[in-house]
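This briefing is for a reader meeting the structure for the first time. Please look over the sequence and the model before reading on.

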Amino acid sequence: MALNRNFGVEDLTPYQVNSRREIVTLLRALQERKQILTMHADGGADAVITTVLEVEDESGIVVIDRAPSNAVNQRMLESENIAFETVLDNIRILFFAPRLSECIYGDLPALCIDLPTSVVRLQRREHYRVPTPIANPLRCTIQIPREDGNSASTVVVPLQNVSGGGIAIVDEKRLLDNTIGHIYKDCRIDLPGGTLVVATLQIRNCYDSTLPNGKTSRRIGCLFVDLPKPMLAAVQRYITKLEREQNAKATGMN
């Protein structure tokens, strides 16, 4: 999917949410928070501030508030290219509809669209990091080539956090070369559910700290290098899952 000229042209596939249940949950969050959306038509020729009034899962309909101007509403209804944009929890949210329809909501006229088949959650900050679980940490397996040319040794380290741009790992035994720019190939990250991400990692920063018990800890920040799109999508799905779980705990819903 590519955005129209109003948003810029970019590949949004790695950021798409395609699960109907997740889409309904996300749109209902917009509804419950009365989140302001910008509704664009015809590549941005018209833009209207609106809100989600209702998300009807069974009928597959999303009800949208009308614009104050009947003329603008009419142009929106005649458009075949509708885009919605907002920001939720510092994440840019985009979704699209081929057309709008008129409907009645609460005895008042409103607009509606079919439930989107995908929603884009776009994190433009490459270093927006989500902490990984402490009790059951994610682990990364790194191969260290031997200087004598024999088979590489293996180091398994826990992840401290993860983002769409890379990971932070904890190297307590200081077995890794922490030289800035050093490359490790074929690193394996086992995501929950049996999903395997194989990535090339580049060392970007290193930080040694002293813990309250007197021990030292080494944190290494790593950048994903040319991560394949399917694997980036898997990482994004995992980040979404982590955020959802952490938000549920924060609000006492877990």
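Does Arg92 count as buried or exposed? Arg92 counts as buried, because its relative accessibility is 19% and the cut-off for buried is under 20%. The model is a predicted one. The points below begin with the nonpolar cores and then turn to single elements and residues.

**Nonpolar cores**
- The largest nonpolar core has 31 residues. Leu27, Met39, Met76, Ile82, Phe84, Phe95 and Leu100 have the most contacts inside it.
- At least two residues of this core come from each of several elements, including helix 1 (20-32), strand 2 (37-41), helix 2, strand 6 (82-88) and strand 7.
- Helix 1 gives the largest share of this core, with six residues.
- In soluble globular proteins, nonpolar side chains tend to be buried together.

**The aromatic pair**
- The structure holds one aromatic pair. Phe84 and Phe95 form this pair, which is stacked, with 4.8 Å from centre to centre and 10° between the planes.
- Phe84 is in strand 6 and Phe95 is in strand 7, so the pair ties together parts that lie 11 residues apart in sequence.
- Phe84 counts as buried at 0% relative accessibility, and Phe95 also has 0% and counts as buried.
- Beyond its neighbours within four places in sequence, Phe84 is in contact with residues including Leu37, Met39, Ile64, Phe95, Leu100 and Ile113.

**Helix 2**
- Helix 2 covers residues 70-78, and its buried residues include Val72, Asn73, Met76 and Leu77. These four lie on the same side of helix 2, because they cover an arc of only 140° around the axis.
- An α-helix has 3.6 residues a turn, so residues three or four places apart point the same way.
- The N-terminal end of helix 2 is capped by Ser69, which has a side-chain oxygen 3.3 Å from the backbone nitrogen of Ala71.

**Arg92 and Ser163**
- Arg92 is placed in strand 7, which runs over residues 91-97.
- Ser163 is in the loop between strand 13 (153-162) and strand 14 (166-170). Ser163 is buried, with a relative accessible area of 4%.
- A polar atom of the Ser163 side chain lies 3.1 Å from the backbone nitrogen of Gly165.

Conventions:
Residues numbered from 1 in each chain as written. Predicted model: local features only at pLDDT ≥ 70, side-chain atom pairs only at ≥ 80, totals over all residues. Heavy atoms only, no water. Buried < 20%, exposed > 50% of the residue type's maximum accessible area, 1.4 Å probe, protein only. Arc of directions from axis to C-beta. Polar contact = N/O pair within 3.5 Å; in protein donor to acceptor, adjacent residues only side chain to side chain. Core = buried A, V, L, I, M, F, W, Y, C linked by side-chain atoms within 4.5 Å. Contact = heavy atoms within 4.5 Å. Phe/Tyr/Trp six-rings, centres within 6.5 Å; stacked < 30°, edge-to-face > 60°.
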